[in-house]
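Let's take a walk through this model, starting with its charged pairs and ending at the site that the database record points to. Keep the viewer open as you read.

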Amino acid sequence: MVPIQMVDLKRQYSKIKPQVDAAIMDVLESAAFINGAPVQQFSQELGQYLGTKHVIPCANGTDALQIAMMALGLEPGDEVITPSFTFIATAEVIALLRLKPVFVDIDPKTYCIDPQEIEKAITPKTKAIVPVHLYGHSADIEAIMDIAERHNLHVIEDNAQAIGSHYTKKDGTTKKVGTFGHIGCTSFFPSKNLGCYGDGGAIFTDDDTLAARIRMVANHGQSQRYYHDTVGVNSRLDTMQAVVLRIKLQLLDQYIASRREVANAYDTAFANIPQIITPYQAPNQLHVFHQYTLQLEGADRDKLQSFLAEKQVPSMIYYPVPAHRQKMFEGMTAINQHLPVTDTLTGKCISLPVHTEMDRDQLDHIIYSIKSFLN
Ligand SMILES: *Cc1c(COP(=O)(O)O)cnc(C)c1O
């Protein structure tokens, strides 16, 4: 059996090697390493795929979030509502810009921010909501947009884990996740569902004015060459990454289907195991399974992890410490410390390997190993 990994990028690459190698050679020959034509081509293609007007590429997903917040003109002290149950980048960027992260609890089914808790956390200083579509399942983005509209707040979607996912609104219309908010952000970190071969990220919006501001912030606050109107950053997607992403974007739906097949196999295998709660999938959404994350009931997670490791089955805890308990936020005010769902799920969740290259014998081995531990 091929060794099991959380994500098998090597085998994925082997299937697209001829195209990728040729495209990278073309970049080398052209020497257009920065802002080569493929960067613009990829942005347009991703815009078409998502159904959004503007896609502004940048250097990584963390920059995407930072640039989005800078472009919205958020000021030090402004409060930004976000989940604590997420990868740290979301909260870190808020604090870096001297904004105040206000953490709210999550929905125990979806692991995503709970709209009712958002409503309770709004104060006159609240300026924005940053929901995270965690593990490939969207937050309840329609409810979040309703709240934002009523309170006149900006919404930046952190879509680093859910690209390709879609959400059907109550009126029956379906849109891609990441295109509901005023701004959507994503990451092309190699292990993400649409990953490049290095760092990369992108920002999406339908708003022309915002798009112009985002472009300006991402490019040293420059309005025309060597005229800098505002303090910005330098954040670009390089041409090598763009050619890889152009190839992989064509395969994204196929990649999602492969991930969903793995998830289905796990769901079926674990359906009648009392110690396992399998991931919830809202009927109006497409879960793209960036992670397949279980909740354990009355089973020892540490022991399960070491048992699996002995059987060469990797597993991960995403994330062992929620943002509100990280040292970086010690002593910061306006941080909600009472997040019972977040704290409980942090201790109960475990993520299993899910990727585009999983074999049946690998799956069987993982399932068999988990079942033999729990029996
Ligand atoms: C990966 C990730 C990011 C950051 O992306 P980078 O490209 O690594 O900077 C932000 N938010 C979430 C939820 C992520 O999973």
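A salt bridge here means a side-chain nitrogen of Lys or Arg within 4 Å of a carboxyl oxygen of Asp or Glu. Keep in mind that this is a predicted model. With that cut-off, take Lys303 and Asp300: their side chains meet at 3.8 Å, N to O, so the pair counts as a salt bridge. As for cover, Lys303 is exposed at 53% relative accessibility, while Asp300 is partly exposed at 38%.

Side chains of opposite charge can pair when their charged atoms come close. How many salt bridges turn up in a search of the whole structure? The search finds 13.

Next, go to Lys348 and Glu297, which form a salt bridge with their closest N and O atoms 2.8 Å apart. This pair links distant parts of the chain, 51 residues apart: Lys348 belongs to helix α10 (residues 340–348), and Glu297 to the loop between β13 (292–296) and α9 (301–310). Glu297 has a relative accessibility of 34%, so it counts as partly exposed. There is also a network to look for: salt bridges link Asp8, Arg11 and Asp359.

Back to helix α6, which spans residues 141–151 and also holds Met145. Is Met145 buried or exposed? Its relative accessibility is 15%, so Met145 counts as buried; the cut-off for that class is under 20%. Which residues does Met145 touch, once neighbours within four places in sequence are set aside? They are Val155, Phe180, Gly181 and His182.

For a methionine with another setting, move to Met25, in helix α1 (residues 9–30). Met25 comes out at 45% relative accessibility, so it's partly exposed. Met25 is also part of a nonpolar surface patch with Leu28, Phe33 and Ile34, and together the four have about 360 Å² of accessible area.

Last stop: Lys192. UniProt, in an unreviewed entry, places the feature "active site" at this residue. The unreviewed entry also has the annotation "modified residue: N6-(pyridoxal phosphate)lysine" covering Lys192. Where does Lys192 lie in the fold? It's in the loop between β8 (183–187) and β9 (201–205). Despite that loop position, Lys192 is buried, since its relative accessible area is 15%. Leaving out neighbours within four places in sequence, Lys192 has contacts with Ala160, Ser187 and His290. So what you have at Lys192 is a buried lysine that the UniProt record marks as "active site".

How values were computed:
Residues are numbered from 1 along each chain as its sequence is written. This is a predicted model: local features need pLDDT of at least 70, side-chain atom pairs count only at pLDDT 80 or more; totals for chains, interfaces and linings use all residues. Side-chain values use heavy atoms; hydrogens and water are left out. UniProt positions are given in the numbering used here, feature names are shortened, and annotations may be inferred rather than shown by experiment. Helices (H or I, at least four residues) and strands (E, at least two) are DSSP runs, numbered from the N terminus. Buried means under 20% relative accessible area, exposed over 50%, partly exposed in between (1.4 Å probe, protein chains only). Contact means heavy atoms within 4.5 Å. Patches are made of residues with over 30% relative accessible area and no salt bridge: like charges are joined within 9 Å, nonpolar side chains (Val, Leu, Ile, Met, Phe, Trp, Tyr) within 5 Å. Accessible areas come from the Shrake-Rupley method with a 1.4 Å probe; for residues, only the protein chains shown count as cover.
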